[in-house]
Amino acid sequence: MSIPRHSIVTPEAVAVRVDIAELGSRVGAALIDGLILGGVLIVVQILVGVAGTIGLLGLGDLAASLYAAFLLLLAFGYHPFFEEIWNGQTPGKRAFGLRVIQTDGQPVGLGPVLLRNLLRPFDVLLVLIGAFLILFTRRRQRLGDLVAGTIVVRQPKMAQPSPVPLQIPPDADLPPLDTTLLTEEEYELMRSFLERRWQLAPAARVALGNELGNLAWSKVPGAQAYPWGPEVLLEAVLVTVRRQSLGTRGAAPRS
């Protein structure tokens, strides 16, 4: 299924438009975070200097190494710490109403947080490359976002749509389908039908189901493996898109 630049596919297999953060707001958030982090580092260095002057702290080789390690921990741990405990936000991002999420719309986890921030020095040092990626990538992703599978979006947090009740179990073994030729509008029509089918008159349900089933049979390679009626095929399309959005693969067909 083709997804527009400012859309994501949630685990419920819904294409949802999001407000992707642009370069200006991200730079503003980064400046606030930089000022906060820089202020903390300056205060720590002043305190250590005062403690050394009055004899409370000796800076031998071991102490100097530990002090340097502590400063590096503060510098590299600032963003991961806040993005983990504040669900994808740092003080700077919170000030600009930004949040890091995964590309499927789910809250960002510790793994992606660490991975995207591990590459932050490359994005900061190679300013032109980082800015270029944010300006010209499909979802305004810097290098760390591309590797970690994350995007930065504006608040408010989007409402997660409820999943469509399906008769096919989520872990069912299904003959493979290729849904890449479906447009977002065609997919939404199929999903909307399955969501509302129980409310339709029987004749309308059959007619609309047949029409959408014929659309799926004509545009989804592999649909011929579903001879059990249009609604089964449409459900299989939804299950397939959901699995693709989660980065998983359907199990092999039953024999």
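The following legends describe close-up views of a predicted model.

**View A. Packing of helices α8 and α9.** Helix α8 spans residues 184-196 and helix α9 spans residues 202-219. The two helices pack at an angle of about 145°, and their axes lie 11 Å apart. Their crossing is left-handed.

**View B. Residues in contact between α8 and α9.** From α8, the contact involves Glu186, Leu189, Met190 and Phe193. These residues meet Arg205, Leu208, Gly209, Leu212, Leu215, Ala216 and Lys219 of α9. Sorted by class, the residues in this contact comprise seven nonpolar, one polar and three charged.

View C. Helices α4 (110-118) and α7 (143-148) each supply at least two residues of the patch. Helix α7 provides the largest share, three residues.

**View D. The salt bridge between Arg116 and Glu83.** The closest N and O atoms of this pair are 3.0 Å apart. Arg116 belongs to helix α4, whereas Glu83 belongs to helix α2 (residues 61-85). In total, the structure holds 11 salt bridges.

Conventions:
Residues numbered from 1 in each chain as written. Predicted model: local features only at pLDDT ≥ 70, side-chain atom pairs only at ≥ 80, totals over all residues. Heavy atoms only, no water. Axes fitted to C-alpha atoms, helices over the stretch in contact; angles between N-to-C directions. Helix = DSSP H or I, 4+ residues; strand = E, 2+ residues; numbered from the N terminus. Left-handed = near helix turned anticlockwise from the far one by under 90°. Contact = heavy atoms within 4.5 Å. Nonpolar A, V, L, I, M, F, W, Y, C, P; charged D, E, K, R; others polar. Salt bridge = Lys/Arg side-chain N within 4 Å of Asp/Glu carboxyl O.
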